[in-house]
Amino acid sequence: MASSALPGATVIEKIRRLVIVSVIAAFAYAVFMTANRGYCAGGFDAQGGFVDASGRAVDQAPRCVELTLGPSPLLYAGIALFVVLAIGRATNASTAMAARRSLSRSAFVVVGIVVFAIIVSQVWFQLVPIEGFASGGGSIFSPFPFGIIDVETTPMTTS
């Protein structure tokens, strides 16, 4: 008895590939979208007092700034929406070959979007002038929607 392939099995295989590639891309996005930078505008003198960034003694503790880069939930939603739309396009395709081609392109686009988001966010994060926050000023434009930068400012402590 000869076994026959399920009609549309190659399209189902491409759908499965798209879903697996999207899950792996989302996981890679979560892993590579984490970064952390810190800066303290000053330090301690020999007597245990505080000094500012210029080395002058000050009464108040200098401010420390910590920037944390993290993934944006919007990109996860975008990946999921893109996968659902790609499957919808494939079901409306005129031929199985057109459906497979559409699903293959969609997998490529998902990976491209994730790689682009990681590169843009990491470069953007490294270009943020962290020293401006320690002096009480500074502004940040996050690489939204590719990533989110959290800013935490605290006084320097001895411990």
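**Cysteine 40 and the chain around it**

Me: Is cysteine 40 buried, exposed or partly exposed?

Reply: Cysteine 40 counts as partly exposed, because its relative accessibility is 33%, and that class lies between 20% and 50%. Keep in mind that this is a predicted model.

Me: And what about cysteine 64, buried or exposed?

Reply: Buried: cysteine 64 has a relative accessible area of 11%, and the cut-off for buried is under 20%.

Me: Which cysteines does the disulfide join?

Reply: Cysteine 40 and cysteine 64, with S to S at 2.0 Å. The structure holds one disulfide.

Me: Where do the two cysteines sit in the chain?

Reply: Cysteine 40 is in strand β1 (residues 35–40) and cysteine 64 is in strand β5 (residues 63–71). They are 24 residues apart, and the pair links distant parts of the chain.

Me: Why is the disulfide right-handed?

Reply: Because the torsion about the S-S bond of cysteine 40 and cysteine 64 is about 110°.

Me: Switching to the fold, what order do the elements run in?

Reply: From the N terminus on, they go α-β-β-β-β-β-α-α-α-β, with four helices and six strands in the chain.

Me: How does the radius of gyration look against a compact globule?

Reply: The chain has 25 Å, whereas a compact globule of 159 residues would be near 15 Å. Along its principal axes, the C-alpha trace spans about 90 × 30 × 15 Å.

Me: What share of the residues is buried?

Reply: Buried residues make up 28% of the 159.

Me: Last one, how far apart are the mean positions of the charges?

Reply: 30 Å, taking the 10 positive and 8 negative charges of the chain.

Notes: Residues are numbered from 1 along each chain as its sequence is written. This is a predicted model: local features need pLDDT of at least 70, side-chain atom pairs count only at pLDDT 80 or more; totals for chains, interfaces and linings use all residues. Side-chain values use heavy atoms; hydrogens and water are left out. The radius of gyration is taken over C-alpha atoms; the globule rule is 2.2 Å times the number of residues to the power 0.38. Buried means under 20% relative accessible area, exposed over 50%, partly exposed in between (1.4 Å probe, protein chains only). Lys and Arg count as positive and Asp and Glu as negative; His and the chain ends are not counted. The place of a charge is taken as NZ of Lys, CZ of Arg, CG of Asp or CD of Glu. A disulfide is a pair of cysteine sulfur atoms within 2.5 Å.
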